[in-house]
Every structure is written in C-alpha cells, then in structure tokens.
Amino acid sequence: MGQLSHLLPEKTISEKALDSKRCRPAVRQMGLLTDPRQRRRFVLIISRYNNRLCALFYISGLLWFLGLAYVYLNAGTYFSENALLPGLVEGEFYTEADVKLYKNEMKQEMEKDKRLLSREWLFSKFEELGLEVHVQNYSVKYPLQLLGDQNVPGQNVYAILRAPRASSTEAVVLSAPVRSQSMITKSLTDTSGGIALMLALTKFFKKQTYWSKDIIFLFTQHEHIGMQAWLDGYHQVQSSEYIFPGTVWGRSGSIQAALNLEIPPEKVAYYNIKIEGLNGQLPNLDLVNLVVRLCRREGAAIRLHNQYDYHDSESFNGFKHSLLTMLRMMKTQASGSPSGNHGLFHRYHIEAVTLQGMSRVHGHKNFGLMVTGRIVEGIFRSLNNLLERFHQSFFFYIMPATNRYISIGLYMPPFSLMAAAGLIKAIAMWIGPEKSAQEENTDTKKQSSKSEEKEKSESETQSSAEVKKESEEEEIPEAASTNLLNEEEEEDDDDNDDDDDDDDVIAHDLEKAEGTTKSRDILSIIPVLLLSYLMGLMTYYSPEIFSRQTRQLQIQTDEAVTYGLLALFCACLFFPRFISKKTSELDTGFQVDWPLLKCVALIFQAVILFSIALMNISLAFFLAAAMVPVSTMVQPVSNKIVRCLQSLLLLLVSPPVLVYLGSVITVLDDQWPKSSFDLLTSAWNLMRDTTLLSILDYSLLSCWTYPVFCFAIYPNWIMLWGVSRMRIEGLLS
Amino acid sequence: MDTSRAFFLFLVCFGFGFQTSKAADDRFSEELFIKPLPSGHIYFHFQFTTRWDVDIRSKDEFNQYRLFPKSLGDIVSTYDVQELHLSLTQGIWRHDKWGYPIHDAPPGAELWVWFLPSVSSVKQSWSELVNALSGLFCASLNFMDAKSTVNPNWSFRPHGLQGEGFAKDVKLLRYSALPREVVCTENLTPWKKLLPCDSKVGLASLFNAMKLYDTAYHSLSVHLRPICQDESCSKPSIELTQSLAVVFDSTLKNNGYQNWSLRKLFGRSLRNQCPLADLSNIYVDMTCTQSTDYRCQLMPQPDQILNFTQKDEQFSYGQYSVGKHTKDGNFLSIGIQYNQQPKYGPIKPPPVYAHRYITGYGLENGGITCYLYNKLPQKVKVIYLESLPWFMRVYFNTVKIVSNGVVIKPVAINYVQGKDRVQPYTLEVIVELPPNSVSSLSFEFDRAFLKWTEYPPDANHGFYINSAVLSVSLPVATNYTTPGQASSVLIDSFVEETGQKQFIVRIHTESLLLSLPTPDFSMPYNVICLACTVMAIAFGSIHNLTTRRLVARDPDLKTGIIHKIKTYLLKLHPKRGLKRE
C-alpha cells in the first residue's frame, strides 16, 4: 500500500485534498462551542507529559482507592427500605427445649449414618410438624469427565410453611447445606446446629399467624451444586448442561429473599456475614444491614471475613484494620465464585446472605442457638414486612466494616483514574510517534535553515514542493509532519489556517499510512491479534482435551489441567518468534507497528477493565492494579538487561503468575505457613485446585472467571508480550 | 328477653308479609356446614339462601321487596342480569390438602355474569354493573374493565334455569377477576347487610371480624340465579345464595390439639336462629367419629345423623337445628374433642387438582406451567381457562400439553389474542387427561414495557396474574360437598345418590406474581437535574457567544493590579496628577 501511494498521480492527491477541504467548514462549526486550540493543547500535554500523567493517575487512583477504607472517605450504612422495620418487635423465640430435643435427635441420627444426615429423617420431622415436604431428586454429571459418564444423584429436601393469610405468591427461603462429618473442614464448617435450629424455628413459626409470605426451609446436598439444582428446578430452567434438576413438585410463589445458615451445634464466638455471590454479585445492602442490625440487637458479635469492626476507626490502626477487611472482601469477590450457598440466589434476582457461626476463638462471650434463633426470627419478621422486592439500596458496594460501605459512586472515580492511565498512554501512542517524528523533522530543519518559521515538509515530496508557511500554533501537536497532510496543504494555496486538530489526524490516518513507511499499519498487527485470540480459544477448550488425553496416562485431572495450561502458556511465549521471522524475510514494508499494537492492547485493556468493573469491581481493581503499570511501560528495547527485566515484569503480571500470586496471598492470609517453602508449595497446591475449580465453576455454575481470563485478560497479555518482544533493530531500520 | 324480642320481630315481619300479600313469596334459610380437614384445619361454610318467586326477566316484578335485598334487586333488574356470581377471597384454597370446597373461589375478587338476552349492550351493562357492585360491596370491582374482562366459551355455563328468554349465547357472558383485591371487614359489613337478619341474630351473629380474618382462608360470595319455583317448573323464581367460607387452624392455639368449638373459634356461642329463616341448621362432618385410632367426640350430640352414599363414597353428617337448641334461651356451641394430637402424614389428594407457577427468571421473558393432576383410574376431560393481562405477551405456538413425555393434543382450543391496553389474552383449552397422570400445560410469554404512568405505586412488588380456572365433570364424589344444581339448600343434596350422576367441579389455581421491567422511579428526578445542568451549560456558552460584543483593544493598554491602583490613586487626587503632567 505504501508503495502504491508513490505511484499515484498528483491529480488524485489533489482531489483527495479537495475532499478534505470540503470537510473543513463542518470542523469549524464544531469549533463554535469548543476551542480548537484547547484540543491542541490537550494533545500537546498528552504527548509531552504522558509518562508523568500515567504515573500520577495510576498512583493517585491506587492511593485514593485504598484510602476509601478510611472512615472519613466512606459512608455509614443506613436503611433505605423503610418497610423492613428492623428490630421493631421483640424476639419471642425462647423454646430452648425444642432446640435441645432436635439437636440430640439429630446427633443420634448422624451417629447412625456417618456419611450424611438422612433425608428420610428430615422429611419425617417436617411432616410431623404438619408442613408440606418435598424431595428433589437431581443428578450431576461432572465436567472434564472427572467421573466418566457417571451421573451422581443428589437429593434436596425442602418444606414449605404456607402463610395463612396470603395466597402463596411470595416466599422467603431459609436454607442450610447438609454436610457429613467427613466433609467438615476449616472452610466448610459444621452446619448441623443450623439444621436443628431450623426445625425448632419451624415449630415456632408455624404457631404464628402474622406470616404474609411462605417460608421455604431448604436443605441442600453437594454444596453449590445442590443449591444450583434446586434453584434451577424451582424456576424450571437448566442453566448448566451438567446439572439435571429433575422435577420440583411443590412450589410457592416468587422468592423475595433468602438466608443461608451455617451454624455449628456448639456455642459460637461470633457470626460471619458472607455476602459475595456468583460472578461478584452482591446482595442488596439493605439485607446486609438488616442482618448486621439484628445481630447487634441480640448483642451478638458480627464480623465480615472474621474482621471485627475496629473500635477506634479514625486512628491509623483503624484504617489498616478496615483496609484489611476491605481487601479480604474484595479478594473473595474477585474470585467470582460464591462464598456460600447464598451466592447462587443472586442470579435469580433473589437477595441472599449467609450467616455463619464461628466457634474457634476461645475466651469470648458465647452465643448459643437460642440467640441465633432470635436473630433469624427477627430477620424473617422484617422480611415478612417487605412490600416490594429489595430495590431501594445499593447493589454495588464494597464494605470495609460491617457498618460502613463504599458505594459505586465512591469507588468508580479512583478506579477510573487507575484505568485511565492506560488510556492516556494509548492516546499518547496514537499521536506520539508523529510528535517525535516531527520533532526530529524540525530539528533537522533547524539545522538546515535557521528560519524561525516552522517547516514541516520533510519527506519524499518535500524536494519538489514549495515550502509552506504554517501558522505559529500548528507546530507541535498535530500530525502536520505526516507527508500527505503536507502535500495537501501544498495543494491549497490560501486556506491553511487552524484546521489541524485531532479529527483531521484521524481522518487522514489511512492516507498517512500510505504516505510513510513508518506509520500505522493495521494489517501488520492483525496476525498478532488473531494469534492472541487463538491462544485464548485454545486455553478455553484445552482443559477438556487435556483431561481426556491424560486419562490413559493415569494422571490426576487437576495436575493434567494445570500442567497442560502452563505448557500452553509457555508455548505462547514464543509466538513473537514466528512473526519476527516473517518480518525479517520481507525486510521492509511488512513491519509490525508496535505503537499501534500497544495502543490497541491498551484500549482493549481499558475496555476489559471498565466492563469488568461494572460487574465485579474487585476483580477489575486487582487486574488494574497489577496490569496497568506494566502495560503502560512495555515497549521494545534494545538493551538486553532492560529487556530481560521488562520480560520478567510482564511475566509477573501474566495470568498464571497472577493466579499463583493470588494463591500465595490466600495462603498467607489464611494458613500462616511456617516457612517460605511451605508457603510456596501450599500456594502451588491451592493454585492447582483453583484452576480446576474455576473450570468446574464455569461448567456447573456458569461462573465467568475462567472465560474472562481466556478471552480477555490472556489475549491482552499476549499482545503486550508481543510488544515487548518486538525487535528494536527492525524498528529503527 | 331475646326470644321474646325475636318473637315480636317475627310477628311484625309476619304481619307485614300478610299485609302485602300481593308481593311475591320469598323464603330464607340459613345453614352452616362444618368439616374438619385432613390437614388439621376446620372448614366452616355458612350459607344463606333467599328464594324469591319473581321472574328475573320481568322488571315490573322488582318492586315489592321483603327478604330479598332491595339494593341488589335494583342492580339486577337495572342491568338485565340473569346470573351473577361474585366472590371476594383472602388466602387460597389448597385443593391438594383440603379437597374441594362447596364454592371454589380464587384469591382476590372474581365476578362472572350472564346477562339476559333482552340486554341492549352487554359491554355497557357490564361496565355499569361492575361500578354499581363496586359501590355495593366496597370493593374495587370497577377495575374490571375491558382490559381485564374476558368472554370464555366453555368454562362457565349458566347454573340456573335455562329456556326461553334466558341466555344461551356465550356472548352474554362476562368473566373477570382481580387477584390483587384485598378482602377485609369493609367488604364483610355491606355483605352482611344483604342478609334479612343482618348479623344481629342467627348464624350470622358468629361473624366476628377479628376472628374471621385471623384464619387460613376466608371467602365471601354472592350467587344469584333463576331457578324453578316448583317441581313442575312452570314458573321461575330467583335464588340468592350468600355464603361465607372460613378455614381455621385450631391447632395453633390448642397446644397442637385440633379441638375446637364455636365459642373458641368465633369468640361467641349461638343464642338464637334468625326468626325469618325457615331453616336454620348446622351440619358437622362426622368421619372422625368412625376412625379407629384418631377418635373424636362431638359435643353436644347431634339431633340427627345423616348417613348416605354417593357413588360408593360414604358420607356421615351430624345435623343440629339451631332453633331447637336455643329454644329456652340456651346457648349452642358445637365442638369436637379429640383424644390425641393430629398425626400429620401424606394426605390423599382429591381426584383432580392443579399447581401453576411461573418459570424462568429475568425480566425479558418467561413461561407459565400448570401441572394438571388426575388421580382417577380413568380419563378425565377438563376445561382450562387462562385469562392473562395484555402485558404478558403470550406465544400461542408454545402452548404445549405433555403427559409422561407424550405430547397430548387438546380436544379444542379457544384463543383470543390480547391487544395492548385494550384487551386481555384468553386461552381456553379442553384437554383429556390420561388416567393416573400428571400433565403439564405450558406456554411462554414476553414481558412488555409499561408506560411510566401505568405502574402502580409499589411497582417493584410485581403484578398479579389471574388464577386459571379448571372446570371438570367428575364421575366420583370423593371430597365432594357442593349441592347439586337442582337444590338450593345444602340439606337437599345430602341424600342417597345412585344414578350416573356427574359431579361438576370448578377449581382455581394459584394466582401468580409477575415482575415486570421496572424503571428506577427516582430517575425522573435525576433526568430533570441532568437535563437542567446540560441546558444551563449549553445556554451559558451560546448566550455568551451570541451576546458578546467584540471590542478592539489597545495592546499597549496597561492592565494589572498596580496599574489599577495607580489609576485609582490618580482619581483620588486629580490635581496632583495634573500637576505632574
């Protein structure tokens, strides 16, 4: 293309110039309200100070974002929905005998059958209480052929307490996961206390006549899968091709809210409220406030991610404390997988939280099941008052403490600042090379002729054309140095005032591309883009292949998938080799335009970050924090040491390393490992689990984290990698 | 004292009746039917029947009122009503656990009317009628406009007399329901006033609003139809049946026991019967007295026990005559004592029932599925009627009936396409249910956007969707108590039945709550703020541009603070300045 333009007769060029002249009045009209000089100044600033601006934006954004955890920069929670009337009525649940009875009965029952609390027992208990009880039989086929073609059956038991004076149009759900003793770990706590409590509460609730919404008591098996199966069955949809919900026979109306209980049978030291749902969705803040308020009313300690609210929040320690709380919440949200069974409700527009009882701390005031019972009673009486679905309060927020929140209006500006750093660099990349080229041009010009007037024409056509005076202001910002623009201006005799703003630059981009050898060449970067997407696609589909292929080799699936993906990643590190080879063959003419590639990569990155931020701010924040500084810095360098350092830095923010770093932080935060070796190995194990789980979460619950990494973050990173591996020699030639 | 007053009242009434012997004959009867339900609830059905020997077709006869309420009579004669069936209900009748009620009603309000063929315009009469009824019963029946009224083909046949001068054509039928209607004392009071004795005496004296509305189900209804005056059916007369159904859960306040008595449940006992009533009876289902382990005892003993069989189904009712029991100023409080707490277990469901729900999630589209249960070992033909608001845009091609994985072809379908803001969707399907089966009837719909003024104040609550109506003619009498078409009073139907009688049942499914895409209603405020800001900015700059005068300025002119101070000082001392010059 570039060569073609040389062959073009001058006439056509002049026609083109005329065409562009016709556009000018429109441009001028645009300038009525906006000062074109302002735009030029903007371009000037960006092209000159972009590095400093990027650093400023990124650092200020990051600090501002982290600073939001400080008590004066966020807001205290409040109730938007007045219908909730939290804590207006006295708790009446004092039937301790029932709780004890059910607890003992359940203990005996669990001793009888070690594996799992028998569904028949639950069924008969609820039937005795006179409730409508149903069993849902569902089945799961594990993805990646984890269990071959075998379908794993599961059963959910649920009972419906019909509100006496309503017509079953609305319902609220009280649920508990059924866990066997062998399943119980530090993260999967014992829930049998909650189940016994639910039975006692059922007996109590049934005697009350104030219910206006049905109450569904739900016991699910297989953690998230069971809950997903029940929700799918209730709404008669199949959202995953691996979970077959079967038929749900009994139903109530539309579910308004849900509370999931994970309460151990013994007394608890404090309660944890879990809010993060699938894909980072959060429940309405009103529901969270409600649970927090009612716990407080019963004098119970409530925490967010095991973090109590610091007594002196204004102090620096208070800030550190709430920052840690906020980061823990954000870490859980960023993973995209639900932190409890409540997280699956959110997709169906049902607000839900999990109340978890923690019993590990000793020497604290203890809260028995009766307290929990009164908290649940209070929550349900408030939910019962609801006239409309939760719609008043926030759906997008971050919590640095149980009683403080950072709304979307507060966290978006600092986040935008951070992400804008990349965008500024992208703009600079777009306009930058011309600027530098022009500076070079002007420099040479200055050397040849000492005239004070700014001369632009420097390229092929320069020799023939008369030198054209440009008005003073035009010098630096625009792409005036590009040859075609000059040709154009040479053609028109009289009209050459300030028409050279950004629009023209963009409008003439293609022509410019034709005009110079060292200009925008979109075609050259298309192979890179395609390749990066191909890599993403391969990553997306490969786990299935890896697990199938390694079945014969007797390798564990998680190992197969992790090592397979890592191998794929290593392979893609060498992709610039293929492209650079081609360029060397063709020598000139076909050259990957690295500023354009970087520009595209940065814009793509900004698009990704902003779209993720709208759904899952935490994921977007962490990605931005890690990737923006590296991606803005990346450029081809000739110095080998710098080049190695840059590659190292890029590798540090590559998706697999990010996941590994995430695992390291999780291990550091949760397990307090003894040695650094311990830390690294347990993080490695965690990473393997995480990789497999994220693929499973995607197939079973349609959690987007894995596809987002495959189709957005990974290709984006490959583009940047391409930029860093670009041969600097080729560029300079 | 009470009895003497009642007697006096009776004398007066009798005397009045005697005096105006020209007025048509009328009779009043009050009955109460009590049935303990297998779920531990107790069902009370009060029925007040007024028969008036006038011809509904001739308006001239509607001038001398005695027992028949004048307010209703006027409405009926003005709007050429042939049959009127109105129900106002709170709660939902749970067929799978409670069997069939005597008159089934959907949650909220339901009205269906057959007009006489002599009516000039059905449309106009209907709209005026619902307004008149709305005033009479203090209910928002006036919302039963064209947007929510349907004209079904098969589901509703006239219950009363048919023949010359009576409606045959379904064009004279209108059906509408308001599932959102809240029923309360304000509806009970005007309804009570239609009774000849009000609620001062007789069975109606049990109507204690505090107790009546603290129940699991509560339904008021008014049924008016023409019937035969006698066996020969030479002359027609009008039958007005007012009924009130309540379902109590007596276990709530009895420590888990099902024991109950009138005094406990209604807060008072019966003192007397309505003196105007020809018949004042109470019937109690006595099935539990015969059961072996879960025994009960009826207190006091009934006057008479009615044992009869209908289609191999044994019925046993204890009958009390209120007049006889309260003759000497005694109080009558019937009750049942049980020997143990109820054992809840699987309940044998009625032969045919349904369960309907909304499928899918999100605010774009969705579906409705209705499970139709047939527990009989034979095929049953049912008529399914769905009347849906216009904002549920139904896809007719998705209507599908599946039973055990086999698609069933419906016998007939009557589908009327809805029109936005004008007409609702009607879907009427006749389908034959296979024996011992669960069939699912399903279809899909899109949710429409409403105009922002069309949303109710609580827009995020959702929109109520009418119950579907299932009409079926059953060959068995399981769970059946409805009086036959020929009988006006309950006792007439408590007789041996051996012939090939079909038992007509009409049941209503659950009403549904549908969420529509709802705008954020704080948005108008935000929009106003935003628009004003934009306007201000645009206006400011345009105003600036258009009104600014461009003045040439001397570039040498000195500006700045120092210069200003200088000129100011010069102004202060002009002389000095001059001197210097």
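Colleague: What makes Lys100(A), Lys103(A), Lys107(A) and Lys267(A) a patch of positive charge on the surface?

Modeller: Lys and Arg count as positive, Asp and Glu as negative, with His and the chain ends not counted. A patch joins like charges within 9 Å, using residues with over 30% relative accessible area and no salt bridge (a side-chain nitrogen of Lys or Arg within 4 Å of a carboxyl oxygen of Asp or Glu). For Lys, the charge is placed at NZ. These four lysines gather that way, so they make a patch.

This is a predicted model: local features need pLDDT of at least 70, side-chain atom pairs pLDDT 80 or more, while totals for chains, interfaces and linings use all residues, and side-chain values use heavy atoms, without hydrogens and water. Residues are numbered from 1 along each chain as written, with chains lettered from A and ligands numbered from 1 in written order.

Colleague: Why is Lys107(A) called exposed?

Modeller: Exposed means over 50% relative accessible area, buried under 20%, partly exposed in between (1.4 Å probe, protein chains only). Lys107(A) has 56%, so it counts as exposed. Lys107(A) sits in helix α4, residues 96–112 (a DSSP run of H or I, at least four residues; strands are E, at least two).

Colleague: And why is Ser393(A) called buried?

Modeller: Its relative accessible area is 8%, so Ser393(A) is buried. Ser393(A) lies in the loop between α10 (369–385) and β12 (397–401). Beyond neighbours within four places in sequence, Ser393(A) contacts Ser80(A), Asn284(A), Leu285(A) and Asp286(A) (heavy atoms within 4.5 Å).

Colleague: What share of chain A is buried?

Modeller: Of its 733 residues, 56%. Chain A has 24 helices and 13 strands.

Technical notes
Patch = residues over 30% accessible without salt bridge, like charges linked within 9 Å, V, L, I, M, F, W, Y side chains within 5 Å. Areas by Shrake-Rupley, 256 points an atom, 1.4 Å probe, with all protein chains shown as cover.
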